[in-house]
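Here are my notes on the ligand and metal sites. Please read them alongside the model.

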Amino acid sequence: MEIKFRDISPEKISTDLLAFPVREKETGEPLVRRLDRLLQGRLSEQIKKSNFTGAEGSTLRHSTAGTLPAAHVLLVGMGKANEVELDSWRKAGAQAEKEAARIGAQEVAFFIAPYGEPESTVGPVAEGVLLASYQFNKYRSESKPSRALRSLTLFRPGLRTSPVMDRSRRLALGLTPGVFLARDLVNEPPSVTTARYLGEQAKRSCRGQGLSVEVWGKKKIQAMNLAGLLAVNRGSVEEPRFIIIRYKPAKTRKRVALVGKGITFDSGGLSLKPAKSMETMKLDMAGGAAIIGAMSRLPELRPEIAVTGYIPTTDNVPSGSAQKPGDVIRYLNGKTIEVLNTDAEGRLILADGLALAAKEKPDCIIDLATLTGACMVALGNEVAGIFGNQQPLVDHLIRCGREAGEKLWQLPLVKEYREEIKSSMADMKNIGGSYGGAITAALILQEFVGDAPWAHLDIAGPAFAEKEITTCPKGGTGFGVRTLLKFLSSY
Ligand code: BES
Ligand code: MN
Ligand code: ZN
């Protein structure tokens with residue numbers, strides 16, 4: 001899709017769909033009135049009939065029937081004036097894309113209203129349009145038309161293109177394929193996305209200048225003594241993999257390590273989950289998928305940062321050879337974990353990844369994991385929990401998340417709760433008490449990062465949309481890709 005910036009007024013622009021953001025209860029504002037005059041009063045008539053108020057998520061479509069060069073006008077509700085934020089523009093872009101798909105429009109023009117600063121809003125609008133066009137149709141027998149638009153024109157009379165706007169356009173176009181890749185990897189059925197497949201896909205998609213992928217098989221994993229990954233894999237007929245993706249640009253300011261949970265299916269193991277809880281458990285490699293998705297875009301976005309991605313991957317299934325509650329894992333840093341619940345497996349494999357990452361002494365380590373149901377209880381479906389041992393790093397990630405439209409909320413590493421993970425016979429056990437499960441999980445991870453600056457994102461809630469959301473159909477959301485890429489472009 002081509003994204004154009006234009007200095008032009010609404011009555012001059014020729015397009016299939018002319019999107020016009022309207023704030024709640026401001027359908028009488030001068031710009032809408034002007035549009036209404038051009039449309040000979042028919043727009044206000046329709047507004048009255050339809051009760052369109054500009055509430056967030058609402059739209060009103062009007063056919064211009066030749067009174068304007070644009071075929072359709074779309075009013076997009078932006079919500080209450082004092083609640084309009086950057087993400088409102090992303091959602092508005094997504095609404096415009098959906099409406100365009102409904103009427104088969106190929107070209108969309110979006111009016112950058114005067115209450116939005118073009119420098120900060122064109123990026124989100126473009127992202128919204130791009131993100132909403134995602135579909136996962138390969139398992140449908142009836143083909144659906146592609147939703148890729150030919151062009152998006154972001155316009156306003158007097159609009160001047162600035163380098164900042166150019167950069168946001170480049171970032172929007174640059175990050176979208178990474179988000180779509182992460183969504184695809186999550187959406188594939190769990191018998192397709194095995195550890196081996198994830199390794200192959202990492203190799204396939206992480207190509208280009210500065211990027212290389214190494215995939216360790218079971219022998220190498222044994223040789224490297226990745227004890228957590230081997231323990232979780234014991235029940236499986238599928239071999240584990242340990243994926244390492246390296247990005248080394250010519251000029252390097254900093255070194256960042258990314259670690260992603262890659263459980264391709266989480267049945268719980270011998271501590272088996274109930275059927276209902278298992279329905280979506282193909283999502284459990286979403287952290288790893290986000291890292292593959294983000295890193296696949298680095299040759300395009302070219303940050304001056306060396307990035308290494310570590311993805312331990314296996315399924316977590318029961319069998320006669322599976323690890324048992326009561327087993328003890330001895331890690332390469334010498335620490336031991338008593339496994340009392342095989343369903344708390346994410347922390348077991350992340351421990352290997354974090355320990356390996358920490359050995360390289362990077363400037364920071366960021367892990368992404370669909371780690372705990374407890375984090376979903378705390379923060380719901382739209383917000384990820386973030387923990388960390390260095391406040392500026394956490395703050396920076398939260399800021400990147402806000403700009404990227406991915407909500408992060410900090411939860412505390414309560415040192416007193418270390419009591420909860422004390423084992424009667426090993427250094428730790430892999431589960432805490434009944435409460436604060438997201439925190440006790442994070443405390444276990446912390447044992448493996450040493451003193452490296454570290455942030456942990458528990459993305460169990462937002463990694464998967466249980467029903468369609470504005471920017472994504474039901475299924476994998478690719479959560480984390482956008483935040484990571486914003487972070488790597490600004491660290
Ligand atoms: N993968 C799950 C966490 C999860 C749950 C992600 C729901 C997304 C949606 C994780 O491996 C898990 O099973 N966690 C347990 C931990 C418990 C056994 C201490 C949980 O949250 O119940
Ligand atoms: Mn589990
Ligand atoms: Zn899991």
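1. The shell around ligand 1 holds six nonpolar, four polar and seven charged residues. Here Ala, Val, Leu, Ile, Met, Phe, Trp, Tyr, Cys and Pro count as nonpolar, Asp, Glu, Lys and Arg as charged, and the others, Gly among them, as polar.

2. This is a predicted model: local features need pLDDT of at least 70, side-chain atom pairs count only at pLDDT 80 or more, and totals for chains, interfaces and linings use all residues. Residues are numbered from 1 along each chain as its sequence is written, chains are lettered from A and ligands numbered from 1 in the order written, and side-chain values use heavy atoms, without hydrogens or water.

3. A polar side-chain atom of Lys273 lies 2.8 Å from an oxygen atom of ligand 1. For Asp284, a polar side-chain atom is 2.9 Å from a nitrogen atom of ligand 1.

4. Donors are N, O and S atoms within 2.8 Å of the metal (3.2 Å for Na, K and Ca); water is not among the atoms, so sites may look incomplete.

5. Manganese (ligand 2) and zinc (ligand 3) sit 3.1 Å apart, and Asp266 coordinates both.

6. Asp266 counts as buried, at 3% relative accessibility. Glu345 is buried too, at 0%. Buried means under 20% relative accessible area, exposed over 50%, partly exposed in between (1.4 Å probe, protein chains only).

Definitions and conventions
Polar contact = N/O pair within 3.5 Å; in protein donor to acceptor, adjacent residues only side chain to side chain.
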